[in-house]
Amino acid sequence: MFSDFDRLAMQRALALAARGLESTDPNPRVGCVVAQHTRIVAEGWHERAGEAHAEVAALQAAAGQAVGASVYVTLEPCSHHGRTPPCVEALIAARVARVVYAAGDPNPLVGGRGAATLRAAGIEVEAGLLAEEAAELNAGFMKRMQLGRPLVRVKLAMSLDGRSALASGASRWISGEAARRDVQRWRARSSAVLTGVGTVLADDPRLDVRLPPEPAAGVRRQPLRIVLDTQLRTPPGARLFEAGGDVLILSALGAPEHARAAALTARGARIESLPAEAGRLALGALLDRLGELELNEVLVEAGATLAGELLRASLADELLLYIAPRLLGPAARPLVALPEPHEIGDAPAFTLVDTLPLGEDLRLRLRPRATPPG
């Protein structure tokens, strides 16, 4: 069905899409290649929300060479008006002959309409080439479109004996510099970084991205910082407010006009209310709200309690686990707070996605293993 050149062109389109890894939010990362026979004549990718989609950028670069061309795009061309006109209109106007796309539109209300519109205009359409790779690149966007919630990625760091901090709470630094740089890259691609007020009080983190500016933009997008703070205990002097970017504090105290809110809003925080369950913010309601805010990927950097709650409620989609070659001993603090399983088979289990050595440390990327039916 697909030729070797088709695969090469789509691999190139995926590489182009990855250039928008940190900048397209809340839109998907999409790349596009225009080819005449087995010669690539133009390329494009979606750089940031509100700017040209990948297909339009590639067609503009191709100019007259788009007539009769094959177009390779990593996501089904859009057929609806958003911040920019539908890409299918640009493809039809350019008189391309063939469109090959990797993954279908994940929006259940519009999926398939882009392909149908192109076919109705007499353009050959083929789908599914390197679809898994394209979906992986946009896993958060896919989940939000389908379920209304972002992808939740929990970052954890531990010693060889599974401990996250000394008994005193001291944890800086378990991981080495290379691992900390890697965390910065995961922050940079995330829509938001989320933590609990306990971590703010104990560690006073900034949770910002401190990588060099992006060459094209000259500035670096900062993810939204989110604090789960049931009783509004976040100090107005917290370092969160020094890093630039937006800070959202989610509380259970009711209206943002609560007396404790004034000092926080004066520091630039936005405060919203969420329902509480058993004295804690309801995590299901939390994820629904984050979906409404058009967040695709949320990186959780929190303590053992919040990490354990997300795992226990099956709300964590992925773990980033950094393992340092240290032993902290049995009195040190555990990695996550979970109930004791009655049997080994009851313990949460994970599938290893990949491993990466980082200096003396090792990063594991894991996803919860599906529980077999019955």
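Predicted model: local features only at pLDDT ≥ 70, side-chain atom pairs only at ≥ 80, totals over all residues.

Visitor: OK. How many disulfides are there?

Guide: The count is zero disulfides. C78 is in none, and its nearest cysteine sulfur, that of C87, is 3.6 Å away.

Visitor: Is C78 buried or exposed?

Guide: C78 counts as buried, at 10% relative accessibility.

Visitor: And C87, buried or exposed?

Guide: C87 is buried, with a relative accessible area of 0%.

Visitor: Switching to voids. How many cavities of 30 Å³ or more?

Guide: Two cavities of 30 Å³ or more.

Visitor: Which residues line the largest cavity?

Guide: Its lining includes L21, T24, D25, N27, P28 and R29. N138, G140, F141, N296 and E297 also line the largest cavity.

Visitor: How does that lining split by class?

Guide: For the largest cavity, three residues are nonpolar, five are polar and three are charged.

Visitor: What about the lining of the second largest cavity, by class?

Guide: There the residues divide into 11 nonpolar, no polar and no charged. Among those lining the second largest cavity are V152, L194, L228, V298 and V300.

Visitor: Sheets next. What is the strand order in the five-stranded one?

Guide: The order is β2-β1-β3-β4-β5. This sheet is open, with mixed pairing. Its edge strands are β2 (39-45) and β5 (124-127), and each pairs on one side only. On average, neighbouring strands of this sheet are turned by 15° against each other, direction ignored.

Visitor: How do β1 and β2 run, and how many bridges join them?

Guide: They run antiparallel, joined by six bridges. V34 has A42 in β2 as its bridge partner. β1 and β2 also form a hairpin with two residues between them. In that turn, H37 has a positive phi of about 60°.

Visitor: And how many bridges between β1 and β3?

Guide: Four bridges, in the antiparallel sense, between β1 (residues 31-36) and β3 (residues 70-75). A35 stands opposite S70 in β3.

Visitor: What is the order in the nine-stranded sheet?

Guide: It goes β11-β10-β9-β8-β14-β6-β15-β18-β17. That sheet is open too, and the pairing is mixed. The edges are β11 (270-273) and β17 (350-358), each pairing on one side only. Neighbouring strands of this sheet are turned by 25° against each other on average, direction ignored.

Visitor: Do β6 and β15 run parallel or antiparallel?

Guide: Parallel, with six bridges joining β6 (residues 151-158) to β15 (residues 318-323). K155 has L320 in β15 as its bridge partner.

Visitor: What is the phi of L207?

Guide: L207 has a positive phi of about 60°, although it is not a glycine. L207 is found in the loop between α8 (197-203) and β9 (224-228). L207 is buried, with a relative accessible area of 3%.

Visitor: And A278, buried or exposed?

Guide: A278 is exposed, with a relative accessible area of 85%. A278 has a positive phi of about 55° although it is not a glycine. A278 lies in the loop between β12 (276-277) and β13 (280-281).

Visitor: Last one. Where is A165?

Guide: A165 is in strand β7 (residues 163-165). At 6% relative accessibility, A165 counts as buried. A165 and G329 are 164 residues apart in sequence, yet 9.9 Å apart in space, C-alpha to C-alpha.

Key. Residues numbered from 1 in each chain as written. Heavy atoms only, no water. Disulfide = S-S within 2.5 Å. Buried < 20%, exposed > 50% of the residue type's maximum accessible area, 1.4 Å probe, protein only. 1 Å grid on protein atoms, 1.4 Å probe; cavity = no way out; pocket = protein on both sides within 12 Å on 5 of 7 lines; lining within 4 Å. Points joined across faces, edges and corners; volume = space filled by probe spheres on them. Nonpolar A, V, L, I, M, F, W, Y, C, P; charged D, E, K, R; others polar. Pairing = 2+ DSSP bridges. Axes fitted to C-alpha atoms, helices over the stretch in contact; angles between N-to-C directions.
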